[in-house]
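Dear colleague,

I am passing on the structure we spoke about, with the sequence alongside. Please read the notes below with the coordinates open in your viewer.

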Amino acid sequence: MTGALAGAAPAFAQSAPLPEAIRAAGALRVGIEATYPPMAYKDPATNERRGVNVDLVTAIGRDLGVEIRWEEMSFEQIINSLTTGRIDFSGTSMTDLPARREKLTFVDYITTGGQLFTTRALAASIREATDFCGRSVSTPRFTNYFPSGQAWSEKACVAAGKPPMQVVGSNGATASRTDLRQERTQGAILGAEFVAHLQRTEPENWAAVGKPITDNLSGLAFPKDATTLRDAIAASLQRLIDNGTYGEILKKHGIAAQAISRVSVDAGQP
């Protein structure tokens with residue numbers, strides 16, 4: 001981890017108990033968007049839910065002695081489901097941003113960033129990030145990658161006297177890959193963890209270009225006032241880091257490089 005994130009420290013009680021209502025119910029309602037490998041996705045052979053977040057939240061449930069009741073939904077539905085009480089917390093990776101903390105609070109558990117990538121066919125002519133200046137890239141319009149891609153273009157392309165990178169908003173990660181595969185764009189921006197998964201599972205198709213253009217943290221999201229539950233989950237996750245379970249899960253899914261050693265709360269940057 002680099003920059004301001006490097007010193008982020010835990011801000012929770014490591015022995016925090018679950019809220020009594022959840023302990024009495026014996027279950028946690030967890031929202032998840034299962035179209036974002038390697039974090040959460042459906043196994044194409046079995047249609048079973050897989051991924052880093054699935055394994056981590058399952059391990060948290062075991063550690064706390066409660067059942068995990070999954071609620072599948074689209075990414076766009078998650079914040080509303082949290083604020084209306086439909087779910088207790090989000091098991092989907094969400095970049096911890098100050099603007100989101102107006103309604104939510106986060107347990108940060110991996111480093112992340114927007115990663116530019118292209119097809120193997122185009123990789124010979126697109127070798128570094130600034131090669132996208134004057135070209136188009138696709139990224140989900142409802143994520144932070146859309147405005148951060150535009151901001152990066154202003155700094156790395158326009159300020160250097162180069163034509164801007166055209167950032168095209170899509171309806172999701174799958175749509176962005178389709179845009180690129182069908183040559184509607186020359187590149188795409190998705191989370192570093194997703195691009196690592198693509199390169200691991202389809203190395204013949206995809207090539208990362210340069211380093212991530214942003215540097216931040218992803219977290220499990222909670223309603224703003226659910227601090228007792230948040231702290232209980234944070235403490236559980238730290239125990240999983242300390243006993244090696246967390247590291248094994250990240251290694252299994254190919255994103256060990258994005259691991260953290262200490263859980264933090266609301267430590268994401270703009």
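In helix α8, which spans residues 245-252, the residues Y246, I249 and L250 are buried. They are on the same side of α8, because the arc they cover around the axis is only 95°. E248, K251 and K252, by contrast, are exposed on the other side of α8. Please bear in mind throughout that this is a predicted model. The packing partners of the buried residues of α8 are α2 (52-64), β7 (104-112) and α7 (227-242), and just after α8 the chain reaches G254, whose phi is positive at about 80°.

**Backbone geometry worth a look**

The peptide bond from P37 to P38 is cis, its omega being near 5°, and P38 itself is found in the loop that runs between β2 (35-36) and β3 (40-42).

**The protein as a whole**

The protein contains 8 helices and 14 strands. Its radius of gyration is 19 Å, close to the 18 Å that the globule rule gives for 270 residues, so the protein is as compact as a globular protein of that length. Taken along the principal axes, the box filled by the C-alpha atoms is roughly 60 × 40 × 35 Å.

Of the 270 residues, 53% are buried, and of the contacts between residues at least 6 apart in sequence, 77% join residues that are at least 24 apart. The accessible surface comes to about 11700 Å², and carbon and sulfur atoms account for 49% of that area. As for charge, there are 28 positive and 28 negative side chains, and the centres of these two sets lie 2 Å apart.

Technical notes
Residues numbered from 1 in each chain as written. Predicted model: local features only at pLDDT ≥ 70, side-chain atom pairs only at ≥ 80, totals over all residues. Heavy atoms only, no water. Helix = DSSP H or I, 4+ residues; strand = E, 2+ residues; numbered from the N terminus. Rg over C-alpha atoms; globule rule 2.2 N^0.38 Å. Buried < 20%, exposed > 50% of the residue type's maximum accessible area, 1.4 Å probe, protein only. Contact = heavy atoms within 4.5 Å. Areas by Shrake-Rupley, 256 points an atom, 1.4 Å probe, with all protein chains shown as cover. Lys, Arg positive; Asp, Glu negative; His and termini not counted. Charge placed at Lys NZ, Arg CZ, Asp CG, Glu CD. Arc of directions from axis to C-beta.
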